[in-house]
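Me: I have a model open on my screen and would like to learn how to read its side-chain pairs. Could you walk me through it?

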Amino acid sequence: MPVIPRTQAEAERILQVIAPTTDFEKAEQFESNSAGSATVRVINTADAFSLPSDNISFEKELDFKVGNGLFRKLWVSAPSSTLASDGLGPLFNARSCQRCHLKDGRGHPPDGPHDSATSMLMRISVPGGVAPQEIADYIATLPEPTYGTQIQDASVADIPAEAKIQITYTEQTIALSGGKTATLRRPDYALTDLGYGDLHPDVMVSPRIAPQMIGLGQLDAIPAADILARADPDDADGDGISGRAQIVMSSRYGAPMLGRFGLKAGQPSIWEQSASAFAGDIGISTTLHPSGFGDCTQAQTKCRTAPNGNTAAHDDAEIGDMGLELVSFYSTNLAVPARRDVSDPQVLRGKQVFYETGCIACHTPKHVTHRLEGQPEQSFQLIWPYTDMLLHDMGPDLADNRPEGRATGQEWRTPPLWGVGLTEQVSGHTFFLHDGRARNLLEAVLWHGGEAEAQKQSVIDMDPPDRAALLRFLESL
């Protein structure tokens with residue numbers, strides 16, 4: 001990024017601005033502008049997450065709209081008369097980015113055996129490999145020998161799909177204060193209809209629903225130094241919270257970088273996250289992942305020899321650098337809607353409960369982005385994403401037991417909370433957490449463990465009016 005360094009005076013002023021408030025009698029200044037001047041007003045339709053940054057120029061809005069077109073494009077198998085759209089698969093999870101990120105919002109697990117798993121996928125790997133020497137505590141893994149890095153449950157004609165995801169749930173009741181109860185559903189996953197034989201006996205699987213897309217540009221513009229300063233891997237302050245930075249090797253720059261994107265922060269940039277999703281989810285090659293056969297392994301011979309859409313017109317790939325840049329620009333500028341009801345007394349009480357319970361130890365309310373040349377949409381903005389962008393051990397109940405980079409099988413990146421209250425309006429459901437097991441925000445809180453065990457227990461034990469206020473606050477984000 002073309003960063004303009006902060007002066008010492010500026011850095012000191014920023015520390016004062018982002019310090020957690022202790023006044024819960026009124027909303028803070030600019031609190032409703034979740035993404036600074038890029039924040040957009042809330043529209044009462046499913047398109048609330050699909051608007052461009054409010055401070056985008058007229059000229060750049062055209063790039064945003066072209067990027068949106070590529071994001072929504074339905075790819076077709078090669079060869080095709082439509083050269084700009086062919087190259088799908090041969091194995092894939094969806095035919096477009098939009099099919100996973102429904103209305104640029106959150107995906108969901110399949111609702112029963114006959115529902116599609118399009119917005120959910122299963123990452124897979126096996127132990128082994130060589131860790132980069134430059135990255136301490138990196139946990140090396142290898143693709144599953146037959147099925148690669150993720151399960152693709154769809155395919156083009158004459159190529160077998162890899163498998164189907166099957167989920168069964170076991171319910172458990174949690175007693176809450178005030179005579180209340182909540183019911184959690186614990187998922188159990190199985191891969192059925194295996195198209196290429198048995199999985200490796202040591203396979204590690206990680207179910208993932210597609211996350212919402214808003215505010216990615218602002219998250220990308222938070223200074224790495226600010227994120228690293230919050231890390232406390234040895235819990236030196238004794239608060240029970242030991243956030244760790246994810247460090248990954250950038251495929252684009254060939255150097256270690258701070259991981260920011262993905263549920264375990266496995267990608268360092270929006271550009272690389274976009275290229276990885278094209279390759280793994282749709283089977284579309286880029287200059288970063290130039291293989292025309294996507295995630296097909298050597299055990300999938302017919303898949304690897306199928307026609308592909310690589311062409312010189314697209315930089316010897318199926319989508320060239322210009323197209324990938326436009327999709328990345330679109331993803332960077334999907335705007336965060338404004339907060340609602342920031343001055344409502346119940347919301348303010350819920351905010352106080354959120355702060356005093358210790359939730360802000362991971363869900364850091366405020367950041368100030370870099371000053372950036374030529375990128376005014378994200379430059380020097382006070383933003384309110386409610387994330388520290390670090391990895392945290394969430395305990396065995398939420399573990400996928402599959403490491404990724406420096407993240408262990410129990411660690412996840414703190415997800416930003418902005419927009420959670422609009423999930424039902426945008427996505428038509430209220431499924432949360434990495435695999436959508438939580439059916440509402442209370443269930444999401446009650447699944448917390450590990451470093452957040454004390455905070456979860458506080459929510460279980462707190463007075464019911466305070467618990468209701470806490471949920472009302474979350475719904476206002």
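**Charges, rings and a buried serine**

Reply: Gladly! Glu 28 is in the loop between α1 and α2, while Lys 366 is in the loop between α9 and β12 (367-368), so the pair ties together parts 338 residues apart in sequence. Do keep in mind that this is a predicted model.

Me: What is the general idea behind such a pair, and is Lys 366 buried or exposed?

Reply: Side chains of opposite charge can pair when their charged atoms come close. Here, Lys 366 counts as buried because its relative accessibility is 3%, where buried means under 20%. Glu 28 is buried as well, with a relative accessible area of 16%.

Me: Which other residue forms a salt bridge with Glu 28?

Reply: Lys 351 does, and the closest N and O atoms are 2.6 Å apart. This pair also links distant parts of the chain: Glu 28 in the loop between α1 and α2 and Lys 351 in helix α9 are 323 residues apart. Both Glu 28 and Lys 351 are buried.

Me: How many salt bridges does the structure hold?

Reply: There are 24. One of them joins Asp 226 to Arg 6, with the closest N and O atoms 3.1 Å apart. Asp 226 belongs to helix α5 (residues 224-230) and Arg 6 to the loop between β1 (3-4) and α1 (8-18), 220 residues apart. Asp 226 counts as partly exposed at 23% relative accessibility, and so does Arg 6 at 24%.

Me: Let's move on to rings. How do I read an aromatic pair?

Reply: A pair of aromatic rings is described by the distance of the centres and the angle of the planes. A search of the whole structure gives nine aromatic pairs. In one of them, the ring centres of Trp 75 and Phe 278 are 6.3 Å apart and the planes stand at 85°, so this pair is edge-to-face. Trp 75 comes from the loop between α2 (58-72) and β2, and Phe 278 from helix α6 (residues 270-282), 203 residues apart. Trp 75 and Phe 278 are both buried.

Me: What kind of pair do Phe 354 and Phe 473 make?

Reply: A tilted one, because their planes are at 55°, with the centres 5.2 Å apart. Phe 354 is in helix α9 (residues 345-356) and Phe 473 in helix α13 (residues 464-476), 119 residues apart. Phe 354 is buried at a relative accessible area of 3%, and Phe 473 is buried at 0%. Ring pairs also link Phe 24, Phe 354, Tyr 355, Tyr 386 and Phe 473 into a cluster.

Me: Which residue lies over the face of Trp 412?

Reply: Lys 264, at 4.1 Å from the ring centre. Have a look at Trp 447 too: the charged end of Arg 437 sits over its ring, 4.5 Å from the centre.

Me: To finish, where does Ser 96 lie?

Reply: In the loop between β2 (91-92) and α3 (97-100). With 2% relative accessibility, Ser 96 counts as buried. Its side chain reaches the backbone nitrogen of Gln 98 at 3.4 Å, and a polar atom of that side chain lies 3.1 Å from the backbone nitrogen of Arg 99. Leaving aside residues up to four places away in sequence, Ser 96 touches Phe 71, Arg 72, Lys 73, Leu 74 and Ile 282.

How values were computed:
Residues are numbered from 1 along each chain as its sequence is written. This is a predicted model: local features need pLDDT of at least 70, side-chain atom pairs count only at pLDDT 80 or more; totals for chains, interfaces and linings use all residues. Side-chain values use heavy atoms; hydrogens and water are left out. Helices (H or I, at least four residues) and strands (E, at least two) are DSSP runs, numbered from the N terminus. Buried means under 20% relative accessible area, exposed over 50%, partly exposed in between (1.4 Å probe, protein chains only). A polar contact is a pair of N or O atoms within 3.5 Å; within protein, one must be able to donate a hydrogen and the other to accept it, and residues adjacent in sequence count only if both atoms are side-chain atoms. Contact means heavy atoms within 4.5 Å. Rings of Phe, Tyr and Trp (its six-membered ring) pair if their centres lie within 6.5 Å; planes under 30 degrees apart count as stacked, over 60 as edge-to-face and the rest as tilted. A charge sits over a ring if NZ of Lys or CZ of Arg is within 6 Å of the ring centre and within 35 degrees of the ring normal. A salt bridge is a side-chain nitrogen of Lys or Arg within 4 Å of a carboxyl oxygen of Asp or Glu.
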